[in-house]
Amino acid sequence: MQGVVIKSTGSWITVQSEDENIYNCKLKGKFRIKGIKTTNPVAVGDNVVFDYFEDEKIGSVKEILPRYNYIIRKATKLSKVSHIIAANIDQAFIIVTLAYPRTSTGFIDRFLVTTEAYHIPASIVFNKIDLYDDKLQKIQDELEEIYKNAGYKCLVVSALRGDNLDELKSSLINKRTLLSGHSGVGKSALINAIEPRINLKTKELSGYHKVGLHTTTFAEMHRLSFGGYIIDTPGIKEFGLIDFSRKEIAERFPEMRKYMHECRFSNCTHIHEPGCAVIKKIEQGEISLSRYKNYLSILNDDYWKQAENDYRLK
Ligand SMILES: Nc1nc2c(ncn2[C@@H]2O[C@H](COP(=O)(O)OP(=O)(O)OP(=O)(O)O)[C@@H](O)[C@H]2O)c(=O)[nH]1
Ligand SMILES: [Mg+2]
Ligand SMILES: [Zn+2]
């Protein structure tokens, strides 16, 4: 039989067949992506071939069909193993907030480097705007400007108050969408707000710093009544990049990619080289300093410290 993985807890995999039946399966044998060590060989969204044993009510996954795409990260920068967040997706939404738990632009940009690397269209969803004061609203406006300039769609919503949920809904129709972000930003709450029938568990944030509690513990794909599927995932703390080459990282910033062919040197790293078109565009305010700073920090945290001392970026 064939089906799609809608949930994977490690040892158990929930597969939905084409006729919509649900099968609990185990994984048989070893599965690997060539050259990459992963903690989970099968991810939500994978198409699989499986046998089903009626009397035991257990299935056995025999084969993972070729992936159209996938998105993968490391738990931290130093981790050796990677985790496939989901496979075969049409688009990825990073859910962030400037209220709590606050999402840094460093986290956003690492996420976007990865979606660019896999050619997955990405959007940024700013949630919890009901908690914004004037100061946060101002930062919100600046960030929207930065990301729109870089070529990303931004949605500004409140799961609690319902702001702009129609816009969110219409961007999900007939697509398979992955939601990712820190624990507590409201991924599950947003899904409940647009489709109450799904009724996911959500939890109040805890403690002085109001951090999330990892309420969602496994990625799970849900069907949307208006067409399409949405993948809820557990919150992540860091978005560790898998090993991209230096050149590749610059290419994953669309606004840098646009100008890098104008750099004097074809192997320009856009750090210190004379005649660098990227640095020129930063000086002219066309490329955001925040994005450039995160580019440097992805290459190496020391580059940014050095650049801060540089006359050009004062
Ligand atoms: N004020 C406000 N609170 C919100 C909003 N969206 C979500 N919350 C609250 O934030 C808390 C965390 O929401 P969840 O949906 O559980 O967060 P999550 O991103 O799914 O977290 P994990 O499953 O741990 O990754 C809950 O108490 C929600 O009610 C919002 O727009 N405004
Ligand atoms: Mg959740
Ligand atoms: Zn350059």
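Predicted model: local features only at pLDDT ≥ 70, side-chain atom pairs only at ≥ 80, totals over all residues.
Helix H2 covers residues 134-150. Its 17 residues reach 25 Å from the first C-alpha to the last, close to the 24 Å expected at 1.5 Å a residue. Three residues of H2 are buried: Leu143, Ile146 and Tyr147. They cover an arc of only 90 degrees around the axis, so they sit on the same side of H2. The face turned away from that buried side carries the exposed residues Asp134, Lys138, Asp141, Glu145 and Lys148.

What do the buried residues of H2 pack against? Their partners are strand S9 (122-126), strand S10 (153-156) and helix H8 (289-299). Just after the helix comes Gly151, with a positive phi of about 105 degrees.

**Helix H1**

Helix H1 takes in residues 105-117. The buried residues of H1 are Ile108, Asp109, Arg110, Phe111, Leu112, Val113, Thr114, Thr115 and Glu116. The loop between S8 and H1 holds Pro101, and the peptide bond from Tyr100 to Pro101 is cis, with omega near -10 degrees.

**The chain as a whole**

Stepping back, the protein chain has 9 helices and 13 strands. Its radius of gyration is 21 Å, close to the 20 Å that the globule rule gives for 314 residues, so the chain is as compact as a globular protein of that length. The C-alpha trace spans about 75 × 45 × 35 Å along its principal axes. Of the 314 residues, 35% count as buried. Among contacts with a separation of 6 or more, 64% are between residues 24 or more positions apart.

**The nonpolar core**

The largest nonpolar core has 69 residues. Those with the most contacts inside it are Val5, Ala86, Ile94, Val125, Leu178 and Ile231. Strand S8 (residues 91-96) gives the most to this core, with 5 residues.

Leaving aside neighbours within four places in sequence, Val125 is in contact with Phe93, Ile94, Ile95, Val96, Leu155, Val157 and Leu168.

Ser123 lies in strand S9. With 18 other C-beta atoms within 10 Å, Ser123 is partly exposed. Its contacts beyond four places in sequence are Gln91, Phe93, Tyr152, Lys153, Cys154, Leu155 and Ser171. Pro274 is 151 residues away from Ser123 in sequence and 34 Å away in space, C-alpha to C-alpha.

**Paired strands**

| Strand pair | Bridges | A bridge between |
|---|---|---|
| S6 (residues 70-74) and S7 | 5 | Lys74 and Ser82 |
| S12 (residues 220-223) and S13 (residues 229-232) | 4 | Glu220 and Asp232 |

Strand S7 (residues 82-87) has 5 of its 6 residues buried, so S7 is largely enclosed by the rest of the structure. S12 and S13 form a hairpin with 5 residues between them. In that turn, Gly227 has a positive phi of about 105 degrees.

**Two loop residues with positive phi**

Asn164 is not a glycine, yet its phi is positive, about 55 degrees. Asn164 is found in the loop between S10 and helix H3 (165-170). His270, also a residue other than glycine, has a positive phi near 60 degrees. His270 is found in the loop between helix H6 (254-257) and helix H7 (277-283).

Is each of these residues buried or partly exposed? Asn164 has 15 C-beta neighbours inside 10 Å, so Asn164 counts as partly exposed. His270 has 22 other C-beta atoms within 10 Å, so His270 is buried.

Definitions and conventions. Residues numbered from 1 in each chain as written. Chains lettered and ligands numbered in written order. Rg over C-alpha atoms; globule rule 2.2 N^0.38 Å. Buried ≥ 20, exposed ≤ 12 C-beta atoms within 10 Å, placed from the backbone. Contact = placed C-beta atoms within 7 Å. Pairing = 2+ DSSP bridges. Core = buried A, V, L, I, M, F, W, Y, C linked by C-beta atoms within 7 Å. Expected span 1.5 Å × (residues − 1). Arc of directions from axis to C-beta.
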